[in-house]
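Here is a short report on backbone geometry and strand pairing. Have the sequence and coordinates at hand.

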Amino acid sequence: MRRLTLRTVALGYLALILLGPLSVVFWRAFEKGFGPAWNAVTTPEAMHAFQLTLVIAAIAVPANTIFGVLCALLIVRHPFPGKGLLNALVDLPLALSPVVVGFALFLLYGRTGWFGSWLSGHGIQVLFALPSMILATAFVSIPFVVREVVPVLREIGTDQEQAAETLGASQWQTFRRVTFPAIRWEVAYGVVLTTARSLGGYGAVSVVSGRLAGQTETATLYVSDRYENFDIVGAYAASVVLALMAIVVLLTMNLLRPKEGVH
Amino acid sequence: MPRLARPLTLLAAAFLVALPTLAASAAGKSANLTLVAYSTPKASYDQIIPAFEATPEGSGVTFGTSYGASGTQAAAVIAGLKADVVNLSLQPDMTNLVNAGIVSGSWSSKRQSRYHGMVTNSIVVFVVRSGNPKKIRGWNDLLKPGVDVITPNPFTSGGARWNVMAAYGAWRKAGLTHKQAVANLTKLFRHVSVQDTSARNALQTFLSGKGDVLLSYENEAYAAKKLGQPIEYHSPARTILIENPVAVTKTTANPVQAAAFVSYLFTPAAQKLFANNGYRPVVKSVFKQYTSVFPTRNLTIFNITDRLLGGWKKAQPQFFDPKTGIMAKIEAQVGGVTG
Amino acid sequence: MGIHVEGVTKRFGSFTALNEVSLDVQQGSLTALLGPSGSGKSTLLRVIAGLERPDAGRVTISGEDATGVAPRKRGVGFVFQHYAAFKHMTVRGNIAFGLKIRKRPRAEVRARVDELLALVQLQPFADRYPSQLSGGQRQRMALARALAVEPKVLLLDEPFGALDTRVRGELREWLHRLHDEVRVTTVFVTHDQEEAMALADQIAVLHDGRIEQVGSPRDLYDQPQTPFVMSFVGAAAQLGERWVRQHDLDLRLEPTAGALEARVERIARLGFEARVELQLAGSGTVWAQMTCAELNRLELERGDTVWVLADRARVFAESS
Ligand SMILES: Nc1ncnc2c1ncn2[C@@H]1O[C@H](COP(=O)(O)OP(=O)(O)O)[C@@H](O)[C@H]1O
Ligand SMILES: [Mg+2]
């Protein structure tokens, strides 16, 4: 009886918070039929936005995965002064408003910013171009891999790594053959979260992109642009594509994941 | 783990090195113009740009566009957003670009001197729900108990500054002292429930059902009404004339094409397209064709340069200095954002 | 040859875990590091393996200075207290690890792993994962893994610590036989004096980061040089300045010259053996050890008064 109530509450909550908005998105997208929705997401601007989003994710996600694992190793395996600071710093993007992140990049890469003047002197455009969008995306999605990997690194301890060492493995061999296999599911889950965040990021990217239509507009910026310009079908159809991307990522993850309970 | 750190660090470094390279390849060579504008004229430009491209001056010119809150856009251009033509919602944002060395100090006198660089006009209006259920017609109606007002944040949105100056000016014109008008302004902002970053976002908020009245550009209200939204709009008896500046940047790589585009904006053809999207044309001959759409009779439309307001040069620091301005103090009292 | 540890000091912050420890381990011997928990046994073993870097001192393995050498280049096999099995590899994968790292030909790896599986009697479990093994099987797998690379020395940290008594006894026997067969220089850590006595040729007793005494099991038992060794290796009782093995306490029912008066506080019968807790007339309590047969002969009961004779007691020059 109690379990039934619990289930009702849990599922009800999910339906309210998750399924409700999601189904509205799908419904609004296809309200006027499949054709208009299809046309809306196949305009050159829309295609460019999706492509740009994928390009950004394709760079930010691997970069964050490598940095994330490196950071986690540093935090767990190497006591060093300032470790607590690093640990706190990693969480900063979760606490900081993405808009603030965007403006921080302004200060660094702006025309008169610390690096900005040098970079623009060398003909390199960071702000309002792909690099700043990648940086902003990477910034806001950096915690996920670290936060997934740190606890499991702590949990597995150093015994296996030390055993590998005494058996002749170099640091890299130890990582590749022992540490990584032990953390790979957490890394994978971190990658999924990072990807989801990269695909869906808005605030920081909106600040540093300059929102040049068809040039620096990511999928989420495109959605908001469509919405702001009363193109409801366009906005919701693009949202559906974004949602589908996220679902594909999650499904891939679930397919790859080993069945529960095997060693 | 120094030996483990090395390969990973190298990979990481490779990414950092790769970024600028990607940047270089991303910045294409195409000789196109970038128009950076405030949030509302997108619909107009979507028609004007193809029209310009069809003219001899515009043939071969392609466009990139960026629309957003006026203050934010100006900040982006100052930070390095490439722009050939800027169209902002009010003069102080343009002045910021002048101070940053991006726009020539003579922008308002050199080109189209007859119009002082102002490409469109509008007025501040009240957008209300169909049938005006709360009977909101004058500025004092906004201060009535239970009236929920929507206006964007004056520290990011140009439209919001026009709203503030319209309210203040109207009350001064009605005979209130500076002190009384500021007191009313404070009261007004206590009625504001949402302060979006841009005029367009504020309109979205209002259309989503929030608020009883939206302070807005006439052209925004016009566009929303034309889209069949269940709203109507009225001009209060006293309101301000909104003037939106346009300029070619000094930093443009295509000064000839950019100047040609700006010139085109003042042609009757372009002005008509603006008018069709709710803007009051600055070109008198065109405006005359639209008097039924843009009422002037029985309205006192005052200018920012009015003696009581003193022009943007005086009003901008007096009201919108982020630290000492009247609005900064009011926002502090009502808990709004001034950043 | 063998292992040579000289003046090794290891600190963790302000805590000194090893204090100028020196130790010689003969080639091919089986040496036990014995001491209570926290005495520094594991730390010493890890210093030998290179898993801890000493603050002072030197470690020589097979005549080569190993002090600054990385663990992977020392030629040591290390068996961790909790096995440190590679969880995502099968038994075969675990044992083959060191050989694969050394890029040995596949066929050779296979043959060697099969050989080791036979040695540790794990052939039927070759394709299982560590989580599907019992503790004893895991321990044998860890041993085979360490032996696969033919280490110059084999280091085992509490190899039987986590096993139940019966398995522990079996494995102990097995390790003994294995050592006779393989003859690799072996050092193992234990806190169990019986285990050390049963297995080792040589025992080093550690106490608070120092080596108290090194010697054969018999030496340590018969010639303890400190009260600590005396009481840790075999039970001992203290009578004032004098120390005596519990089984060397002689209980008399009549007053006897040179005997201390005591009262029987408690009697514990442990099968063959029995223990009697005595409250000494002066002060303090001691346990006396005897056979149950002897206890029966004395007909002792709680509250009885007895006289305790300690003829074979020792007095240590300077108790630490
Ligand atoms: N990595 C470490 N950091 C701090 N203290 C340690 C560390 N390793 C061991 N110690 C301390 O050193 C002492 C000896 O430890 P250890 O050698 O593991 O003892 P044992 O004889 O039980 O194996 C203990 O007090 C332990 O707390
Ligand atoms: Mg230990």
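## Loop phenylalanines in chain A

Phe230(A) sits in the loop between helix H12 (219-228) and helix H13 (232-256) of chain A. The model is predicted. Phe230(A) is not a glycine, yet its phi is positive, about 65 degrees. Most residues other than glycine have a negative phi. Is Phe230(A) buried or exposed? Its relative accessible area is 17%. The cut-off for buried is under 20%, so Phe230(A) counts as buried.

Phe128(A) also belongs to a loop, the one between helix H6 (116-121) and helix H7 (130-140) of chain A. Phi of Phe128(A) is positive too, near 60 degrees, and this residue is not a glycine. Phe128(A) is buried, with a relative accessible area of 4%.

## Strand pairing in chain C

Strand E4 (residues 56-61) of chain C pairs with strand E1 (residues 3-12) of chain C. The two run antiparallel, joined by five bridges. Across this pairing, Glu6(C) stands opposite Arg58(C) in E4(C).

E4(C) also pairs with strand E5 (residues 64-65) of chain C. How many bridges join E4(C) to E5(C)? Two bridges join them, and the strands run antiparallel. Ile61(C) has Glu64(C) in E5(C) as its bridge partner.

## The hairpin turn

E4(C) and E5(C) make a hairpin, with two residues between the strands. Which residue in the turn has a positive phi? Ser62(C) does, at about 50 degrees.

Conventions: Residues are numbered from 1 along each chain as its sequence is written. Chains are lettered from A and ligands numbered from 1 in the order in which they are written. This is a predicted model: local features need pLDDT of at least 70, side-chain atom pairs count only at pLDDT 80 or more; totals for chains, interfaces and linings use all residues. Side-chain values use heavy atoms; hydrogens and water are left out. Helices (H or I, at least four residues) and strands (E, at least two) are DSSP runs, numbered from the N terminus. Buried means under 20% relative accessible area, exposed over 50%, partly exposed in between (1.4 Å probe, protein chains only). Two strands pair if DSSP finds at least two bridges between them.
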